[in-house]
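Good morning, and thank you for making time for this item. I would like to take you through one protein model, beginning with a term and then turning to the details.

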Amino acid sequence: MTIKKPTFRRFPIKILVANMFLMAIVITAGIAISLQYNASKNIAVTHMLSNMNLLSAHMRDSVHGLEKDATQTVNLLAELIVSDLSGATIEDKTSLLSAFLRERPELYSLYIGDKQENFFQIVNLDSAKDIRQRMGAQTDDRWAAVDISGLGEQRLRRTYYYSDTLRLNHQKTENSHFFPTKRPWFVASEQNHIYKTEPYLFQHLQISGQTYAKRIRNTEQVVGLDILLSSLSDQLTLSSSTFLNGQEQAVLFNQNGNILASNSRLHDSDKTPPIPSLQDYLGTSLKRLIDLANDPNAQQPMLIEKEDNQQYYVFVTAIGNDILNRQYLAMLLPKDLLFQHATEEALHSALFSALVMVVLLPIIWLFSAPIVRPIRQLQRETEKIKQRQFDDVTFTDSHIKEIWQLSNAFVAMSQDIKQHEESLKEFLEALIRLIATAIDNKSAHTGGHCYRVPELGLMLSEALEQTQEGPYKDFQFANANERLEFRIAAWLHDCGKITMPEHIMDKGSKLECLYNRIHEIRTRFEVLWRDAEIAYLHAVHMEKQNPEAALKVWQERQTALQEQFAFIAKANLGSEFMSEADQQKVRDIGTQTWTRHFSDRLGLSPAEETMRTTQTQTVDLNHEERAQQGITENLLSDKPEHIIPRFKEMTFDPLLGIKMAVPEHQYNQGEIYNLTIPKGTLTKEDRFKINEHIISTITMLESLPFPPELSRVPHYASTHHERMDGQGYPRKLSAEQLSIPDRVLMIADVFEALTASDRPYKTGNPISVTIDIMYKMCQEGHLDLQMFRFFLTSKTYLKYAQKFLPDSQIDDIDIEPYLENKQREDK
């Protein structure tokens, strides 16, 4: 197993030296910027925690103050009312209760309810900006008094609107289904204890708030007070704008996760919905937030991701000393904003460092010159070695010890390479022989072709060089390199066959792919045979036809099927030329139909399934269901799946001069298309695939970096399929464009192919038959007649036969008939 060595990209030494200095600067600057960035982040967190403490202290005072006002008001009112107020006038109750609300705008309303379902409420219309609209009040209304009393259908809600001086402006009456005794604040209130509700939605106003309630001593009345959480939100908005930079979102919530206040709207609807829980809003565990607030050693902030896929840093702190009623303040800041200043400072530092590196780069470049100059001189000496100018290599002196040693090594190396070059040439030729032999051993279709063609070509070229007369008396290879060039080309002339599929090389019948598909066709004939038998039985037993007449029809049908299959089977052999009438007969036979009941989409490989889907414009989703009901198909057909497309477009470099027409498809395995091949067993696609081996040969050899003395190897190796009349392939070269080495390989390739006896698909021809075939090829403009006659007169054919052919193929041959025209021309 050969281990592939890793390859590395090479850089000029000046760049490497400069990079070392720059890397040191980058590492130093990177460490400094990283430390600065982390310090800035810590400062940002500390600053935010400090502001959080200030905001939480301020909100703690606000919350405690609001709760204190609400508690004191309820207690005071419960103590002052010593008798049942149900008999008092609306004006008296309005005057009494409005006095408690006048100086406390954060208190929304005061109300009194009793067990007789009487309810009176005074609403502070200045407690929130949209109270007037929700209560149906006018601009000059200051108070709204709500009186609910009555039973059943007579229960009414009367609303009185008063000015600031308690002048009645207007009133309205409507039916009511409100019963105070059913409200939680009424049921849960006690004489000596204030009942406080969790935040909830005031249904009539659709505003969130809290209720404080207490039972009046020695009465069946309960006094209650409502506060609006919007006042806390206003206070939180004002405070956060003072202590924070305005980009944070502050949320006040209790230990149950209910949001009490926020410095921004949490919802977009015009009507304020019920206050959401913080857990739903943030998308994180409430316990996690509370634990973070209660743990003084916990590391803040915490990073969360909300449902909008935005990430936020969250700071949490506790407000209040009573852990049972503790409230919490959470602050959200978008991830990018918390460390924005730190990031900007780090970016400025990075830009400054980059500017320093740009200034230092020319200085570093200048100091690298004493190292670079002798190395460049050594590079020029290596170019001489590359061009194999070993005697021109000179010594390069330098004060740098390693460069001085390297120069000495170069001089010694050039001499060693010079001595070793000859042995490398021998090794190269042996390696090429090894490759050619491996190609022969790989496939039984080529036999020993890649080995014997070079042997015959060398025999003929040696005979040409040795002749002292005739048209080739002046032919000589200029030197040993030209002989090596021809020899390598002969060995590699068919190296492209390594890419040729064996099932194309060995296509012995028209329907043969990886197997002979005549068996599929025979199976369909069997189906038609049985259909005829079934039709006979159906006619006799079901339709009660004349048995003798039905039997005659059946027998005639079977006879016709036997004759038709025999014709198709014979056409599949391709041993005879097929007339147009026979081709039409194949098409006529193929129009017969048979019924398929099994899906042709089952059992396909992924590649087949992909190709089948690509070839059909639309995929029939009911294909398998229709197959079970029966699909009528022709006996012979050319289907879309028979077309094997080219997976990549074949384009040739114009410099290669290839003039081969490329068929549209890689293969066409259509049954009628193949059975109607006029001559032989190969379609034009098959023929191109076989001929394509010469393109592979050209591509492979042109990609090799042959030295100048071997530059014609790709050309010599790719011309043995050209013709003297210019109709060969791949370049359609004319006779004037074919050199003597080209013509030698053309003769050698044809003679070896005709006489080879180790191919599984043919037997070797005797010498006499081979010579006769080659002579006809010369007359047809395929081979060079003059070179062919020299091949005969020099006895090269016989020398080759005695070395490579069995005695049974070496028969007597009279070459004079093939030389007669030449003799007459000479006379």
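Predicted model: local features only at pLDDT ≥ 70, side-chain atom pairs only at ≥ 80, totals over all residues.

Residues are numbered from 1 along each chain as its sequence is written, and side-chain values use heavy atoms, with hydrogens and water left out.

I begin with a pair of helices. Helices (H or I, at least four residues) and strands (E, at least two) are DSSP runs, numbered from the N terminus. Where do helix 16 and helix 17 meet? On helix 16 the residues are Q564, F567 and I568, and on helix 17 they are D582, K585, V586 and I589. By class, this contact of helix 16 with helix 17 comprises 4 nonpolar, 1 polar and 2 charged residues. Here Ala, Val, Leu, Ile, Met, Phe, Trp, Tyr, Cys and Pro count as nonpolar, Asp, Glu, Lys and Arg as charged, and the others, Gly among them, as polar.

Axes are lines fitted to C-alpha atoms, for helices over the stretch in contact, with angles running from 0 to 180 degrees between N-to-C directions. Angles under 35 degrees count as roughly parallel, over 145 as roughly antiparallel, 65 to 115 as roughly perpendicular, and the rest as oblique. The crossing of helix 16 past helix 17 is left-handed. That word applies if the near helix is turned anticlockwise from the far one by less than a right angle; clockwise gives right-handed.

Now the overall picture. The protein has 27 helices and 18 strands. Of its 827 residues, 44% are buried. Buried means under 20% relative accessible area, exposed over 50%, and partly exposed in between (1.4 Å probe, protein chains only). Among contacts with a separation of 6 or more, 62% join residues 24 or more positions apart.

Next, the interior. A nonpolar core is a set of buried Ala, Val, Leu, Ile, Met, Phe, Trp, Tyr and Cys residues joined through side-chain atoms within 4.5 Å. Which members of the largest nonpolar core touch the most other members? They are F788 and F791, in a core of 57 residues. Elements giving two or more residues to this core include helix 11 (401-442), helix 12 (449-466), helix 23 (740-755) and helix 25 (785-793). Setting aside neighbours within four places in sequence, F788 is in contact with I747, I771, M774, Y775, C778 and Y818. Apart from this core lies another, of 25 residues, including L77, I112, W143 and Y212.

Helix 12 and helix 23 also pack against each other, at an angle of about 130° and with their axes 9 Å apart. They are therefore oblique to each other, and helix 12 passes helix 23 in a right-handed crossing. Among the residues making the contact are V453, L456, G457 and L460 of helix 12, together with V744, I747, A748 and F751 of helix 23. The contact of helix 12 with helix 23 divides into 10 nonpolar, 3 polar and 3 charged residues.

Is A748 buried or exposed? Its relative accessibility is 1%, so A748 counts as buried. Beyond neighbours within four places in sequence, A748 is in contact with V453, L456 and G457. A748 and V453 are 295 residues apart in sequence, yet 5.6 Å apart in space, C-alpha to C-alpha. In helix 12, C450 is likewise buried, with a relative accessible area of 1%.

Finally, some backbone points. Most residues other than glycine have a negative phi, and most peptide bonds are trans. Y729 and P730 are joined by a cis peptide bond, with omega about 10°; P730 is in the loop between helix 22 and helix 23. L166 has a positive phi, near 65°, and is partly exposed at 28% relative accessible area. K544, also not a glycine, has a positive phi of about 55°. K544 sits in the loop between helix 15 (518-542) and helix 16 and is exposed, with a relative accessible area of 65%.

How values were computed:
Contact = heavy atoms within 4.5 Å.
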